[in-house]
Amino acid sequence: MADSAANQSVSKCKRMKLSPDKDTAVGSIDRISNLPDSLLCHILCFLPTNEAIVTGILSSRWKPLWTLVPKIDLHDTSIRGHSVSPLRILYSVLAQHTTPILSNFTLSWHSPCDSSHFDKWIDTAISRNLQQLDLHIESKQLFELPHAVFHCKTLVSLECRSEIELDPPSFQLPSLKIMGLYEICYTSHYSFSSLCSASACPSLEDLKVLRDDNYIVTNFKINVPTLKRLHIEVVSCFNELPDFKLEIYAPVLEYFHFFGDLRSIIFLAKLANLVEARINVSADNDWIRVFRLYYGDRVFKLLKALSNAKFLSIFPGDKECIGFGSIYPSMFQNLVRLNFKVTRTNWHVLQSLLVVAPNLEVLVIDKDYYYKNQLCWMEPPDGPGCLSSHLTTFNFNGFEELEHEVEFIKYILMEARVLKRVTIKVSDLHSKESDLKKLSIFPRQSSTCLLTVELGIIEESSLV
């Protein structure tokens, strides 16, 4: 017993000499390496594959761990400059990776490559019960998405970017819930529609589409009864983006986001479950000159389709032709928050929304500075529901004391009976004390309303 105690004492003394203080002694213990493999692999999941491989230099314990991580995330730009080509590195990674289930395969590829290599990589990933596939290809050539992808029963998420061509066969992805299609090529007018259909993707819930005019398709259909979230961006690269029609059947849609050049968007079913909608509309000037009468009407038709939204963020555009159209007789009974960006040409759209939103609680106005000296506000007609009796919060971002801005704020203060807080944002060129003094003299319907003026402009991204 005495010898044992003496040995423990000597051992303790050695540790104390190596570590002069208690904190250093504790800090020198490698606690992470003592964690189980499953937990270490989970930690490595948060790293790109090339960085996970590098952790092998820590110790022999770490060296094989990356091969057990159920994820491959490779970017050829991050593995260039080595004596071995990115092509050989990728083949080596796939050969050494031994996990039978691959939850995620992410590949960003910008190097020249034969399409046969692309097919082999995808086929290898698919063979391991792949759940998430994310491809970003920019190698100055088109790669057709291998047909094996369209028959992967375990695939839950599919995202394709840039130089990928879609020519889907007859197929079904029964587990697919998330799909993103970003500036890719469709071989025919039916490729997109066949992919975004109930028969092909019976479980799809989240769809993101970024469309440009490099590959012209003029008719789109989205027929997905299970779809809950839809994000569409339309980007024009040329001066004359042709007209196109998008028909959407998504009766349980909860979230809708549209950004870009507005064309004909038709919802084939009432959006009874819609909670939030974000709209940022633009239009090419050349297209406007040709389709002038249609543009404003399409803005209002889109708004009507979104009348069940609870939260609405909208920039309806700044073209004169928005004046052609009307939101009536739609009512936005569920709308409680409205974020609106105003220009000299779209104040009447805001007026229309205020008239038909009797339960509005929060109103946030952001001003487009391109037309900062040309804003125009006309007071809506009197009548029931002209301004919400529920409005409690009003924010105006970009106040410059212009006559119509002042009239609008006076109107809100006079009409909103339960208003609790008004926040006016001004630029650093203004005196907030002076503006507060001027605004404070306006009569208020609500006796509990707190009016504040603040410096600084809210970022526009908060609106869309």
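**T55 and its surroundings**

I started with T55 and looked up its contacts, where contact means heavy atoms within 4.5 Å. Leaving aside neighbours within four places in sequence, T55 touches L44, L47 and W62. I am working with a predicted model, in which local features need pLDDT of at least 70 and side-chain atom pairs count only at pLDDT 80 or more, while totals for chains, interfaces and linings use all residues. Residues are numbered from 1 along each chain as its sequence is written, and side-chain values use heavy atoms, with hydrogens and water left out.

Is T55 buried or exposed? I noted the cut-offs: buried is under 20% relative accessible area, exposed is over 50%, and partly exposed is in between, with a 1.4 Å probe and protein chains only. T55 has 14% relative accessibility, so it counts as buried. I found T55 in the loop between α4 (49-54) and β1 (71-75). Helices (H or I, at least four residues) and strands (E, at least two) are DSSP runs, numbered from the N terminus.

**Around strand β3**

Next I followed β3, residues 132-137, and saw its side chains alternate.

Which strands does β3 pair with? Two strands pair if DSSP finds at least two bridges between them. I found six bridges joining β3 to β2 (residues 104-109), running parallel. F105 has L133 of β3 as its bridge partner. Six bridges also join β3 to β5 (residues 157-162), again in parallel, and here D134 stands opposite E159.

**Two helices side by side**

I then looked at α6 together with α5 (residues 86-96): their axes come within 11 Å and cross at roughly 20°. Axes are lines fitted to C-alpha atoms, for helices over the stretch in contact, and angles run from 0 to 180 degrees between N-to-C directions. The two helices are therefore roughly parallel to each other; angles under 35 degrees count as roughly parallel, over 145 as roughly antiparallel, 65 to 115 as roughly perpendicular and the rest as oblique. On the α5 side, L87, L90, Y91 and L94 make the contact, and on the α6 side H117, K120, W121 and T124 do.

**A three-strand sheet**

I moved on to an open sheet of three strands in the order β10-β12-β14, with parallel pairing. β10 (219-223) and β14 (264-267) stand at the edges with a single partner strand each, so one side of each has no neighbour in the sheet. Neighbouring strands here are turned by 10° against each other on average, direction ignored. Four bridges join β12 (residues 245-249) to β14, and L246 stands opposite I265.

**Strands β13, β15 and β16**

Seven bridges pair β13 (residues 255-261) with β15 (residues 276-282) in the parallel sense. Y255 has E276 as its bridge partner. E276 also stands opposite F311 in β16; five bridges join β15 to β16 (residues 311-315), which run parallel.

**The whole chain**

To finish, I looked up the totals. The protein chain has 12 helices and 21 strands. Of its 464 residues, 47% count as buried.
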